[in-house]
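The sequence and structure come first.

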Amino acid sequence: MAEMTLVEAINLALARAMEDDPDVVVLGEDVGINGGVFRATVGLQKRFGPERVLDTPLAELLISGLCVGMAVQGLKPVGEIQFMGFLYPCIDQLVNHASRIRNRTQGRLTCPMVLRTPHGAGIRAPEHHSESTEAMLAHIPGLRVVIPSSPERAYGLLLAAIRDPDPVVFLEPTRIYRAAKGEVEDNGEALPLDVAFVLREGRDVTLISWGAMLKETMAAADALAAEGIAAEVIDLATLKPYDEVTVLGSIAKTGRCVIVHEATRTGGFGAEIAALIAERGLTSLLAPVARVTGYDTVIPMARLEQKFMPSVDRIVAASRKACQFS
Amino acid sequence: MASKKMADGGLPVIARFEVRHRNYLAPDGSINRPLPAFASDASLLASLYRAMVLLRNFDRKAVALQRTGRLGTYAVSLGQEAVSVGIASAMREEDVLLPSYRDNGALIWRGVKLEEILLFWGGDERGNHFSGPVQDFPFCVPVGSQAPHAAGVAYAFKLRKQPRVAVCMFGDGATSKGDVYEAMNFAGVHKLPVVFVATNNQWAISVPLRLQTGSETLAQKAIAAGFIGEQVDGSDVVAVRAAAEAAMAAARDGQGPYFIEAVTYRLGDHTTSDDASRYRSADEVQARWKEEPIARLRSYLVGQKMWSKAEEEQLAAECHERVEAAVERYLATEPRRPETMFDHLYAGLPEAYAAQRHELAGEGDG
């Protein structure tokens, strides 16, 4: 066991996957000698060579399309897109090819690829570097969308994503790349996909979040505890397909739900969870489902980004209101 | 062009490029240039001829099925049969084809069954479960988006030191897309074993080539990516086959990618949903009929006494029989059960979707 940051855990998982499986290939812009703009791939090219850790031309569509071709041939490509704002040229490849070649060929061809990209705001980055458009991806059938919230889960979930026989978009919470530290054992053990993690048990209200927002969500749970409110905190971790059982089980217990995400509200993934609860958990509810999210605006640049993102105070207030309802 | 009129100012030329054009058979079947070695193999030429005739017969039947409501939208190869057949004929079994939707001729040559092609165009995913070349890609419908896949496939071949070639086919319209250029650019960087084939049939639905590019040839687009681009007479199957042989030999030998622009003409509509008379004249099409590949090769073969009237009649009967048998098998194929739409979504069905599959299966209300 060693204490490390989330980005170091990503690096460790990549190295472990490459060590274990010669079919694993890492590709992207600046992933080689530079080790990636966030240093997630540092040291990999030196260790595994430029053929398996390759710097691509500056073309995101190409990176995703190469991953599809490589994966269909049986490699396990792990592509890196430097920021989520640059992922959009890959959407055509994800929607039209990666996610559906298994279905299009009725299982004859498959696409075991991973596309990694930093996710979210909060690091005072330039324009287009602070996106959290995970709901767009979670709408694509045949794709998996995974986002860790701690070094331990980053390691275990990335290993699972690379070993998964289907395409996975792996979102990495930029804001806690280095802020999150934790013990990680390099034991090569994957964590399960499609499964939510209960980070904290409680009987009064369920807080559901993913990625970097779990930091504020856990802080809110601490603050609520001081007021005598026991919050249960769920890290959804896999958004597509997501763990409905854990969500509904928790609502059955608490009867109250606050969903927290950094992405804009309308059509955000919180809406999907709220709809699920309305459809299959309504009779458990003691209060309306609440969403604490980014506003329905373009994510502001550095000076205002903190005002856009859900704060501990907003989460506490929404939770308190849910507990005081009726 | 304006650039040609500009004074050179005494500046030195640092690079010059040229594009070759390959043609052997004239439209009347006479010989323009000494034929390549393979052309002395009468049985090979006959097999190319047979494949083109089969494709034309198959297309005719497919359109008839579409017009009578028994097939979905279909794209015929009329006039450009030499490209898909000539290219595929130079491939090895272990190579991988990444076709576009008008490359039926290549698929058939590589062993995809006619009924599988009909199933696909008839709206059944099982048509892409090729029984023949199991690693070939299915038809790519979003134009040009398979080009990066070809580069990825070729990268895998190179990484594993396999002497195999990826062959990516698309039309003239696709060369306007970033996908194609990004793939070519990467293939050039890594000298990948991939052959890009642009079937330049002059029309991208209603948009003529002159509105597609200001470039004199499509072949020269390869030069910017650092490899050879060659233009061939795409209505001369001997030229297509010869170019494909050269390209694949070079790619297999580690010399890197190759681009073939096969210049031909789409004599038919874009698809059965299109009416080409809206955007081009009957005179233009009529003139192009003089160049079409099947009559051209037949004229040559007959002139060389390599093909007889009896063989022609026998071939017609064989094609008819083969196509009719395939149609029968296609029409006899029952639709998939509805719930099977979940069966190849992921390797295993996620728990979250079990209820929906159940609902489709009529085993509950979901």
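## Fold of chain A

In this predicted model, chain A contains 12 helices and 14 strands. The radius of gyration of chain A is 19 Å, close to the 20 Å that the globule rule gives for 326 residues, so chain A is as compact as a globular protein of that length. The C-alpha trace of chain A spans about 60 × 40 × 40 Å along its principal axes.

Of the 326 residues in chain A, 59% are buried. Among the contacts in chain A with a separation of 6 or more, 80% are between residues 24 or more positions apart.

## Contact between chains A and B

Chain A contributes 34 residues to the contact and chain B contributes 33 residues. On the side of chain A that touches chain B, at least two residues come from each of α3 (60-72), α4 (91-98) and α5 (101-104) of chain A. The largest share of that side, nine residues, is supplied by α3(A).

By residue class, the side of chain A that touches chain B is made up of 14 nonpolar, 12 polar and eight charged residues.

## Domains of chain B

For chain B, the domain assignment gives two entries: domain 1 (15-28 + 37-335) and domain 2 (337-366).

How far apart do the C-alpha centres of domain 1 and domain 2 of chain B lie? The distance between these C-alpha centres is 38 Å.

Note on methods: Residues numbered from 1 in each chain as written. Chains lettered and ligands numbered in written order. Predicted model: local features only at pLDDT ≥ 70, side-chain atom pairs only at ≥ 80, totals over all residues. Domains from an automatic or database assignment. Contact = placed C-beta atoms within 7 Å. Helix = DSSP H or I, 4+ residues; strand = E, 2+ residues; numbered from the N terminus. Nonpolar A, V, L, I, M, F, W, Y, C, P; charged D, E, K, R; others polar. Rg over C-alpha atoms; globule rule 2.2 N^0.38 Å. Buried ≥ 20, exposed ≤ 12 C-beta atoms within 10 Å, placed from the backbone.
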